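Here's a quick tour of one model, written for someone who likes cut-offs spelled out. Have a look at the structure first, then read on.

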Amino acid sequence: MTRAVQQTTRDLRRHNRSAVLSRLYVQGPTSRQDLTKASGLSSATVSNVVSDLINDGVVAEAGLVGSDGGRPRTLIQVRGEFGHVVGVDIGETHVQIGLFDYTLETLATATYSVAATRLEPESVAGLVLAGVEEVVSQVGVETGSLLGIGVGVPGAVQIGGRELVYAPTLGWSAVPLADMLRRDLPVPVYLDNCARTLGQAEMWRGAGRGARRAVVALLGVGVGAAVATSSESFRDMAGTTSTTSEWGHTVINVDGRPCRCGSRGCLEAYVGAEAVLDDYLALPDARPFESEGTEARLAELVARAEDGGGASQVLGKTAEYLGIGIANLINLLSPDRVVLSGWAGETMGPAILPAVRETVRRHALTYMYGQARIELGQLGQEAVALGAATLPVVQVLASGGSLRA
């Protein structure tokens, strides 16, 4: 009986710490009084939890804020110095590794081309290990001191005794990537779909912040989307649930161009980065690219579009197809925010956003379009790596600030 009571007490303490810490993490600096109102916990419980978290170095006092007719209130905020996390973006053109503090401020990044690996799992895993070593060395952090490493993959992670990655765009089927990495990494490693983790990051730190329901579009060689929904319970994923969809393989043109999935007329076959480049090169007046690699060439295409001509026409058509795809999402899911993210979204977004919005206006139901804002992602080129870094952060939040989940 005593053991059961002790277990229940520990569980309750962890739950209360997690509720307060998650609220602070997502909402930013908050007073004890506001934490009490938001969490539903008693003021005495919140005060005790905050004191514990301060003593453990997880949070700190962050100045005063005025209150209506009363004494100024002390703000509490999460300490970035509490620890470090690593996020890994495994994509079709590169592997990017980022080192972040606990509040997801970028401290170091390393990017490797995957051209020479042929996307063989062991070779890709080797790049990840090299990248982790590089970023921790840049900052002078020991790998063993990391809170954890999150890895985003462009596919599904199936858990059934062991974690297996199914990523058709990489040619992977039942790849035990987590086991490969854990052999050489002395800290927890977490895997998930990169669109899902990106959606969570945009809700926490980017253009989705404050949204009730956001669709985060991940644009690269492939095209995906995550539906991220905020929650007041903070029981799961620090208050945000994020699910993925195969949006890139929804059909927008019956009997259209072939898609690598085997179907025809898929959105990805019109707005994926390689499809956009191919459309330009198919023009009679197209000039060969001076750059090497998909990412550099897409940036070159966007630069050429500033002078009009074929490059501008291609981006205009891309915006139209993308707008139709977004209109379909709005009609289906009724989001209040749509975020264009991913490296190709970062590259093309500023040039095509007005045309995308106009196309969505024409094709979405009026009342649904009226409640949806279409924005560019705010997390930069390391967005997917940052999204992956939310995986170890979530584990620490769920444990109430424990160094190991």
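What covers the buried residues of α8? The cover includes α7 (268-271), α9 (294-305), α10 (309-333) and α11 (342-363). Helix α8 itself spans residues 273-281, and its buried residues are Ala273, Ala275, Val276, Leu277 and Tyr280. Buried here means under 20% relative accessible area, with exposed over 50% and partly exposed in between, using a 1.4 Å probe on protein chains only. Helices (H or I, at least four residues) and strands (E, at least two) are DSSP runs numbered from the N terminus.

## Ground rules and confidence

This is a predicted model, where local features need pLDDT of at least 70, side-chain atom pairs count only at pLDDT 80 or more, and totals for chains, interfaces and linings use all residues. Residues are numbered from 1 along each chain as its sequence is written, and side-chain values use heavy atoms, with hydrogens and water left out.

As for pLDDT (the predictor's confidence in each residue, from 0 to 100), the protein averages 91, and 93% of the residues score at least 70. A contact is heavy atoms within 4.5 Å. Where pLDDT is low, the predicted coordinates should not be read in detail.

## A buried glutamate

Glu202 sits in helix α6, residues 194-205. Glu202 is buried but has no salt bridge, and the nearest side chain of opposite charge, Arg337, is 8.2 Å away. For the bookkeeping, Lys and Arg count as positive and Asp and Glu as negative, while His and the chain ends are not counted. A salt bridge needs a side-chain nitrogen of Lys or Arg within 4 Å of a carboxyl oxygen of Asp or Glu.

What Glu202 does have is a polar contact of 3.1 Å, side chain to side chain, with Ser341. That term means a pair of N or O atoms within 3.5 Å; within protein, one must be able to donate a hydrogen and the other to accept it, and residues adjacent in sequence count only if both atoms are side-chain atoms. Setting aside neighbours within four places in sequence, the contacts of Glu202 include Arg209, Val216, Val339 and Gln378.

## Aromatic pairs

How many aromatic pairs are there? The count comes to five, where rings of Phe, Tyr and Trp (its six-membered ring) pair if their centres lie within 6.5 Å, and planes under 30 degrees apart count as stacked, over 60 as edge-to-face and the rest as tilted. Tyr270 and Tyr321 have ring centres 4.4 Å apart and planes at 40°, so this pair is tilted. The two are 51 residues apart, with Tyr270 in helix α7 and Tyr321 in helix α10. Tyr270 is buried at 3% relative accessibility, and Tyr321 is buried at 18%.

Tyr280 and Phe289 make another tilted pair, 5.5 Å centre to centre with 45° between the planes. Tyr280 is buried at 4% and Phe289 is buried at 11%. Elsewhere, ring pairs link Tyr25, Phe82, Tyr102 and Trp204 into a cluster.

Gly325 is in helix α10 and is buried at 1% relative accessibility. Beyond neighbours within four places in sequence, Gly325 is in contact with Trp247 and Leu267. Gly325 and Val360 are 35 residues apart in sequence, with 8.4 Å between their C-alpha atoms.

Ala226 lies in strand β13, residues 223-230, and is buried at 0% relative accessible area. Thr243 is 17 residues from Ala226 in sequence, and 5.4 Å away from C-alpha to C-alpha.
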